[in-house]
Amino acid sequence: MYARFAAPRSSAVFALLLFATTLGSASIAAAQACGPAACGTGFQYIDFESLAPGTAVEGPAAIHPDLTITSVAWPFGPTCPLGSTAVIEEGNLFPFVSYGTASAVQNGCLNGVRGFGDDTGCVLDYDFAFPAVAGVSCFSIRMLDFGDLFPFANPTHVVTLTAYDAASTVLDTDVLTMSGAVDLVGGDACVSQAGAPGNYRLVVSGPGIVLVTLRFNDSPDPNVGFDDITFCEAGAPTPALPGSWGGVKAQYR
């Protein structure tokens, strides 16, 4: 088992063999911090449900007019080809399987049936960039199936989400740390409860966010998926292309 400990601003620490008490409520609180109630009319939600499996998610306006996703080579080992990140679907082997689950469903238990990821066995870091005119004040992303596979030697596994302004000043960080070993309960996308590493929402906030980076340390779980990107824009969002983003999924799973 694992527990959430008190930690510095925007930090969550999970350790094995300890009793969990607050994971579900913490996850909901994180989602609400960059949700409709906090953002009002500037709330933007990308659920990937309207995008076909295999759709490229990288590049300017690929999935939202004000968002550019770019993959970054993981500096510690095997990495997927840059630019290969794409929409994945539950139970679908195309374009690739990003992770397996305890229920033997490939890419299972996304929030809905679609999200995004990269191929199994390799790691990519990510940048999420916004134009300064968008006035982004928060950003969140759901990570799935982190913690049930660790092929690297380091027993401490860290994922860091960092928000920067136009002057490259760090505005906020959210750090998920696992210490111990493989967690087949808290790390599985289909078994874990909301707020556990296997179903965890990373959130950062601050005035004038133009770049958010997602970085793994030298010992991550290489087989993960992502879903439910939200962010808050202060100004009017750029009009979306029909059917390109947005949806009605229950984002507080």
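1. Residues 24 or more positions apart supply 73% of the chain's contacts that have a separation of 6 or more. Contact here means heavy atoms within 4.5 Å. This is a predicted model, in which local features need pLDDT of at least 70 and side-chain atom pairs count only at pLDDT 80 or more, while totals for chains, interfaces and linings use all residues. Numbering runs from 1 along each chain as its sequence is written, and side-chain values use heavy atoms, with hydrogens and water left out.

2. Confidence. The mean pLDDT is 85, and 80% of the residues reach 70 or more. pLDDT is the predictor's confidence in each residue, from 0 to 100. Residues 1-11 have pLDDT below 50. Beyond near neighbours in sequence, that stretch still has 44 contacts in the model. Residues 13-23 are also below 50, with 46 contacts beyond near neighbours in sequence. Treat both sets of contacts with that confidence in mind.

3. Overall make-up. The chain has 2 helices and 13 strands. These are DSSP runs numbered from the N terminus: helices are H or I with at least four residues, strands are E with at least two. Of the 253 residues, 53% count as buried. Buried means under 20% relative accessible area, exposed over 50%, and partly exposed in between (1.4 Å probe, protein chains only). The accessible surface of the chain is about 9,600 Å², and carbon and sulfur atoms hold 64% of that. Areas come from the Shrake-Rupley method with a 1.4 Å probe; for residues, only the protein chains shown count as cover.

4. Disulfide count. There are 3 disulfides. A disulfide is a covalent bond between the sulfur atoms of two cysteines. The cut-off applied is a pair of cysteine sulfur atoms within 2.5 Å. Counting bonded cysteines along the chain, the pattern is 1-5, 2-4, 3-6.

5. C34 and C138. Their sulfur atoms are 2.2 Å apart. The link is right-handed, with 80° about the S-S bond. C34 sits in the loop between α1 (23-33) and α2 (36-39), and C138 sits in strand β8 (residues 136-144), so the bond ties together parts that are 104 residues apart in sequence. C34 is buried at a relative accessible area of 0%. C138 is buried too, at 4%.

6. C80 and C122. This disulfide has an S to S distance of 1.7 Å. The link is right-handed, with 45° about the S-S bond. C80 is in the loop between β4 (68-73) and β5 (86-89), while C122 is in the loop between β6 (114-117) and β7 (124-129); the pair therefore ties together parts 42 residues apart in sequence. C80 counts as buried at 5% relative accessibility. C122 is buried at 9%.

7. C109 and C190. The sulfur atoms are 2.1 Å apart. The link is right-handed, with 110° about the S-S bond. It joins distant parts of the chain: C109 in the loop between β5 and β6, and C190 in the loop between β10 (170-179) and β11 (199-209), 81 residues apart.

8. C39 and C232. C39 is in no disulfide, and the sulfur of C232 is its nearest cysteine sulfur. C39 counts as buried at 12% relative accessibility. C232 counts as buried at 7%.

9. D172. This residue lies in strand β10. D172 is buried, with a relative accessible area of 7%. Its side chain reaches the backbone nitrogen of S205 at 3.0 Å. That falls under the polar contact definition: a pair of N or O atoms within 3.5 Å, where within protein one must be able to donate a hydrogen and the other to accept it, and residues adjacent in sequence count only if both atoms are side-chain atoms.

10. V182. This residue is in the loop between β10 and β11. V182 is partly exposed, at 39% relative accessible area.
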